[in-house]
Amino acid sequence: MQKILVSLITIGIVASSTIGSARAYFTDTDQSSDNTLTTGSLSATIQADNGYTLPYQFTNLVPGDSQQINFNVQNTGSLPLYLKIKMAGTWAEESLDSNLMALSQVEHWNGTAWETMATTDGEYFYTAQVSSGNVERFRSTVTLSNTASNDYQEKVYTASIKVAAKQVVDGAEWPMY
Amino acid sequence: MGTLQLNTNAQAVSAFTFSDLEPGWGYSENGDWSKNKSITVDNSGTLNLKYRIRISLVDTESSNPLLDNLMVKTTYTKNDVTTLVYEGPLRDYLTGKLVDPNFLPENGEETVTISVRIPITAGNDIQGQIIKFDVLFEATQISNNEW
């Protein structure tokens, strides 16, 4: 019994000796402080232009009729951006063709005159950079196709003008609307 | 008894302070890294040493997505030979990246260059983020196998 006790005590001493033998090394540290990196924000907001209120409402349209909508887009982020614009909408009656109501033209006010914007597949592209805080004026023309039949009488069409923005750096892609 | 001492001019070199970062930031026209800081390092002790760079966050949550989207490249130049140390997200530097594994006192100075950029593929989740950090240059004996 005495031998067993001695063995246990020996094991205990070895264990504590191992724990206490952690090695130490010389070290030194130098540093660069106060590094701060901040990302920007990209945001475009549609605003009503003078004399117009949102949302716009037109009544008594007939085939071939066009109406103008003026609106502004402000760069409310911190980064410069590019813009594109489109309209998307539906008739209250689902069987009617939503393509018969469309943006037929979008123009940009350059400070002295309205300029027609380039279009591809129903999207209108503003190709100049919009700086942070800047407001750009746009005038769009909405047209009910002259092929619209009597089926379109007294029908309601609800649409949204949509704006998408992207960074101005190479390789930036357009987002979904 | 020897001495182990690593000196840098990291405090003298202006810190990384950039704003309005965005995807595609930090690229030159030919695709190179355009945002760089070069820091001079010298072994002014008597012992050989190794050193690493470690990032210590200041007032910044470790969940900040910018830590995963900000790419960092580190190189060091010794005796006119430049060696790539590591290239990867800033988050990888939180645990430290070994720079020079064998820096002798007689090597004189060497230059560490740290470059940063954000790939164009980064998403909207990094908008409006701020990260603050210290860059630590930590040296120890070469025989220290703990890092």
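Colleague: Over how many bridges do strand 4 and strand 10 of chain A pair?
Modeller: This is a predicted model, in which local features need pLDDT of at least 70, side-chain atom pairs count only at pLDDT 80 or more, and totals for chains, interfaces and linings use all residues. Residues are numbered from 1 along each chain as its sequence is written, while chains are lettered from A and ligands numbered from 1 in the order in which they are written. Helices (H or I, at least four residues) and strands (E, at least two) are DSSP runs numbered from the N terminus, and two strands pair if DSSP finds at least two bridges between them. Strand 4 and strand 10 of chain A run antiparallel, and their bridges number 11.

Colleague: Which residue in strand 10 of chain A is the bridge partner of Leu81(A)?
Modeller: Strand 4 covers residues 81-91 of chain A, and strand 10 covers 157-167. In strand 10, Leu81(A) has as its bridge partner Gln167(A).

Colleague: In what order do the strands of the open sheet of chain A stand?
Modeller: The sheet has 4 strands with antiparallel pairing. Strand 7 and strand 10 of chain A are its edges, each pairing on one side only. The twist from one strand to the next averages 30°, with axes fitted as lines to C-alpha atoms, for helices over the stretch in contact, and angles running from 0 to 180 degrees between N-to-C directions. The order is 7-8-4-10.

Colleague: Which residue in strand 8 of chain A is the bridge partner of Thr119(A)?
Modeller: Strand 7 (residues 118-120) of chain A is joined to strand 8 of chain A by 3 bridges in the antiparallel sense. The two form a hairpin with 2 residues between them, and Asp121(A) in the turn has a positive phi of about 50°. Ile85(A) has Tyr124(A) as its bridge partner in strand 8. For Thr119(A), the partner in strand 8 is also Tyr124(A).

Colleague: Which element gives the largest share of the side of chain A that touches chain B?
Modeller: The contact takes 25 residues from chain A and 39 residues from chain B. On the chain A side, 7 are nonpolar, 14 polar and 4 charged; Ala, Val, Leu, Ile, Met, Phe, Trp, Tyr, Cys and Pro count as nonpolar, Asp, Glu, Lys and Arg as charged, and the others, Gly among them, as polar. The largest share, 13 residues, comes from strand 1 (residues 27-39) of chain A.

Colleague: Is Phe16(B) buried or exposed?
Modeller: Phe16(B) lies in the loop between strand 1 and strand 2 (17-21) of chain B. Leaving aside neighbours within four places in sequence, Phe16(B) is in contact with Asn35(A), Leu37(A), Lys37(B) and Val116(B). A residue is buried if 20 or more other C-beta atoms lie within 10 Å of its own, exposed if 12 or fewer, and partly exposed in between, with C-beta atoms placed from the backbone. Phe16(B) has 21 other C-beta atoms within 10 Å, so it is buried.

Colleague: Which are the edge strands of the open sheet of chain B?
Modeller: This sheet has 5 strands in the order 1-3-8-5-6, with antiparallel pairing. Strand 3 (residues 35-43) and strand 8 (residues 109-117) of chain B pair over 8 bridges, and in strand 8 Lys37(B) has Ile114(B) as its bridge partner. Neighbouring strands of the sheet are turned by 25° against each other on average, direction ignored. The edges, each pairing on one side only, are strand 1 (6-8) and strand 6 (81-89) of chain B.

Colleague: What is the radius of gyration of chain B?
Modeller: Chain B has 1 helix and 9 strands. For its 147 residues the globule rule gives 15 Å, the rule being 2.2 Å times the number of residues to the power 0.38, with the radius taken over C-alpha atoms. Chain B is as compact as a globular protein of that length, because its radius of gyration is close to that value, at 16 Å.

Conventions: Two residues are in contact if their C-beta atoms, placed from the backbone, lie within 7 Å.
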